[in-house]
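Hi everyone, thanks for coming.

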Amino acid sequence: MGADKNVLKTYGEVSLHNCPDDCWIIINAKAYNVTNFLNDHPGGDEVLLAAAGKDASEEFEEAGHGSAARLMLDEFYVGEIDPSTKTTVSTTTISSTYLLPKLPKINRQGKSSRPNIVKLLQFLVPIVILGLGSTLLRFWY
């Protein structure tokens, strides 16, 4: 690949690297060549291929990547992105619905607006166990 890491990369240059044989992504204004990582990515290669040639900063942060993933980025680093090139190139953002499951909306009190399935199960499971227990006791006696 032989990329010179001291030269600023443009959004347009990164957008050219958008296929399985040549896959670059942008995360936090840095370009990364993740071609050799496609098969090893825990989320699957389709996640990286959807981000190929694009800025995936938001999706990377939303996915909750830890320090190990951030350290791995160093291995794939290609160069800094020239921020002035962003407005000259039409960049499309990656749909986070493709990369991440839809998360419940959180209301102002910090609670989920969807029914809380855990609380429902905490209520229903003991009732089912008690019902089964009483049925088994009647059967045995």
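A quick definition before we start: rings of Phe, Tyr and Trp, taking the six-membered ring for Trp, count as a pair if their centres lie within 6.5 Å. Please keep in mind that this is a predicted model.

Let's take the tyrosines. Tyrosine 32 and tyrosine 77 sit 6.1 Å apart, centre to centre, with 70° between their planes, and that makes the pair edge-to-face, since planes over 60 degrees apart are classed that way. Where in the chain do the partners come from? Tyrosine 32 belongs to strand β3, residues 30–33, while tyrosine 77 belongs to strand β4, residues 77–80. The two are 45 residues apart, so this pair links distant parts of the chain. Is tyrosine 32 buried or exposed? With 6% relative accessibility, tyrosine 32 is buried.

Now to the phenylalanines. Phenylalanine 37 and phenylalanine 76 form a tilted pair, with 5.3 Å between centres and 40° between planes. This pair links distant parts of the chain as well: phenylalanine 37 lies in the loop between β3 and α2, and phenylalanine 76 lies in helix α4, residues 67–76. They are 39 residues apart.

An unreviewed UniProt entry places a "transmembrane region" at residues 120–140. In the model, that stretch is 100% helix and 0% strand, and its end C-alpha atoms are 31 Å apart.

Terms used: Residues are numbered from 1 along each chain as its sequence is written. This is a predicted model: local features need pLDDT of at least 70, side-chain atom pairs count only at pLDDT 80 or more; totals for chains, interfaces and linings use all residues. Side-chain values use heavy atoms; hydrogens and water are left out. Rings of Phe, Tyr and Trp (its six-membered ring) pair if their centres lie within 6.5 Å; planes under 30 degrees apart count as stacked, over 60 as edge-to-face and the rest as tilted. Helices (H or I, at least four residues) and strands (E, at least two) are DSSP runs, numbered from the N terminus. Buried means under 20% relative accessible area, exposed over 50%, partly exposed in between (1.4 Å probe, protein chains only). UniProt positions are given in the numbering used here, feature names are shortened, and annotations may be inferred rather than shown by experiment.
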